[in-house]
Amino acid sequence: MSNITMRELKEDIRTGLKTKELVLSMGPQHPSTHGVLRLVLELDGETVVKCTPYVGYLHRGTEKLCEHRTYLNALPLSDRLDYIVSMANNVGYVLAVERLFGIEAPPRAKYIRTIVSEMARLSGHLLWIATHALDIGAMTVFLYSFREREWLLDLFEHLCGARLTTSYPRIGGVRNDVTEEFLDSLYEFTEEFPRRIEEYETLIDQNRIWLQRTKGIGVISAEEAINWGLTGPVLRGSGVPYDVRKFAPYDAYPWVDFEVPVGKNGDVYDRYKVRMQEMRQSNRIIKQCIERMPKGPVMAPDAPKFTLPPKEKVMSEMESLIHQFVLITKGPIAAPEGEIYSAIEAPKGELGFYIVSDGTGRPYRLRLRSPSFVHASVLPRLCEGHLVADVIANIGTIDIVLGECDR
Amino acid sequence: MRLKELIQKVLFIEILKGMALTLSRLFTRPVTRQYPEEKKQALPGFRGLHALARRPDGTARCVGCGLCAAICPSECIHVYTTEGPDHQKIVERYEIEVLRCVYCALCVEACPFQAIALTEHYEYANYSRDDFYMTKEKLLENWDKYMAGKKGEEYFKRFWHPLENDFREYEGQPIFDPERYKRRKGKIRDIRGEWLIYNGNGRRQ
């Protein structure tokens, strides 16, 4: 500003003031960017002219780290992808490794995994509705949904000893069996939960401020959403009924029935609706799984080359002890060579693991297809031409977690 | 339909409904916890501070095989061994950098001698980094503090993994039983005897 000469100023006054676009760097510490997302916004008044997302502030090199870890050892890394629904990531990773090895978990383990990944979906969506509503200005919903989330997290703690970084599933099954208390308490949760969803909807569903902040904002058509590679609720909000649980069923999903809710307009409100319906469907899935869960082993009994032997045997049998040592220090014995892509429907979208194996106990290359990264790339498309306040609504609606985005 | 919408809009029906729900919460128990005063007991099997198990004679169960160090994803366990007078292995130093630990409990799973455990203790904030560098003595002390007696035995019986039962079917496995659920509905307690259930009125006690 200071280097404007007097002559230029006079010129300006004669021809009218020249205006420049304001460059605003939003984040990486902004509370409503849900982590360390940085958006560089070029503003013309209150309108966003250009929006550039910068990612990578939470880059930890997960893919590279996996390369020098055994398959079991890399499991805790998957906790830290989408750290609010780590159970779903665990299931995705374990499933990919199982498909690579050609082993299958027993039915009971499949049911347990389905239950926990749906619980993760619920806890993820509950956190999403809490923060999304908080960003837009509906502050009341926050503690309502955290109340239910606490119940779920307590159940996680009861099940595996940790609330967030669960590391619960194992290659070939799950770490430990569920308890009676877990089943009964979760069943009570499923009976109670639909009423709780109605409570959230009482608070925001018809609220005129909520409607004005969400309807017609961040519209993306079905065709465009597919072209951007969107998945999960963001894609379904535009009316595309794509769901990995239906298209390539894994675990116990083929044995339970549920619907895939879709939206119509592809705006923020529709995506909100889709997620609320999804919570109801998740609830249904959990209920069915609890009712149908059979008795049986929770670890694949016929895969001693990939699963750790039972501890009792390790302490009494030489062969199992040797197995334990080899499996832990060198990784799975006789892992097949080859590559595999395996995807699950994580709460945020399609979470894919592409593993290349060279026959050793460690993955040669592990590539992650994380929904948050793809969804972050669509932000400019959603924000440009709209008001600066809608940027917040758009970040909330695509529901990104930067741990997964930057990996 | 049009008229109904108009009436709803003029009379602020949806806002009033929301307000009614919010105000009704004034008369229920709070769901939040006054943390430093009101502490939460971690559930059994919680993955908290580390401890090294003792044998009945008071020595450490650890034999220094190093499997825990091999499986540790954050590489925070260091085991140093030497040779004793009768050519036996002696664990000279066993150290855990607690600040680097990710609490995945893979070391507990890997240990073939049930020598390492994660206790339920989770409040160990301190002023210097040295306090988080756990030596063998400190770890054994943790065992005495948080795991001594029955609790330690229970811990390994219930949470050593994988169990033999995980690989085969057996009779007493818990499945959902509508009868049992009906009996216990609303009063399901967890192992520590506290309610595992929340309702609209907050924590039941």
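**A hairpin and its surroundings**

Modeller: Start in chain B. Strand 2 of chain B and strand 3 of chain B make a hairpin, with 5 residues between the two. In that turn, B:His87 has a positive phi of about 60 degrees. This is a predicted model, where local features need pLDDT of at least 70 and side-chain atom pairs count only at pLDDT 80 or more, while totals for chains, interfaces and linings use all residues. Residues are numbered from 1 along each chain as its sequence is written, chains are lettered from A and ligands numbered from 1 in the order in which they are written, and side-chain values use heavy atoms, with hydrogens and water left out.

Now the strands themselves. Strand 2 covers residues 77–83 of chain B, and strand 3 covers residues 89–97. They run antiparallel and are joined by 7 bridges. (Strands pair if DSSP finds at least two bridges between them; helices, H or I with at least four residues, and strands, E with at least two, are DSSP runs numbered from the N terminus.) One bridge sets B:Glu83 against B:Lys89 in strand 3 of chain B. Strand 3 of chain B has another antiparallel partner, strand 5 (residues 133–134) of chain B, over 2 bridges. There, B:Ile96 is bridged to B:Met134.

Chain A has hairpins as well. Strand 2 (residues 38–44) and strand 3 (residues 47–54) of chain A pair antiparallel over 7 bridges. A:Arg38 stands opposite A:Tyr54. That hairpin has 2 residues between its strands, and A:Gly45 takes a positive phi near 70 degrees. Further along, strand 7 of chain A pairs antiparallel with strand 8 (residues 363–369) of chain A over 6 bridges. A:Ser357 has A:Pro363 as its bridge partner. Here 4 residues lie between the strands, and A:Gly359 has a positive phi near 90 degrees.

Strand 7 of chain A also takes part in a ring contact. A:Tyr93 and A:Phe353 are an edge-to-face aromatic pair, 5.9 Å centre to centre with 65 degrees between the planes. (Rings of Phe, Tyr and Trp, the last by its six-membered ring, pair if their centres lie within 6.5 Å; planes under 30 degrees apart are stacked, over 60 edge-to-face, the rest tilted.) A:Tyr93 is in helix 4 (residues 86–101) of chain A and A:Phe353 is in strand 7, so the pair ties together parts 260 residues apart in sequence.

How do the chains meet? In all, 67 residues of chain B are in contact (heavy atoms within 4.5 Å) with 70 residues of chain A. Together they bury about 6,200 Å², 58% of it on carbon and sulfur atoms. Buried area is the accessible area (1.4 Å probe) that two parts lose on being put together, summed over both.

A:Glu199 and B:Arg25 meet in one of them, at 2.7 Å, N to O. B:Glu14 forms a salt bridge with A:Arg208, with the closest N and O atoms 2.9 Å apart. That pair runs from helix 2 of chain B to helix 8 (residues 208–214) of chain A.

Note on methods
Salt bridge = Lys/Arg side-chain N within 4 Å of Asp/Glu carboxyl O.
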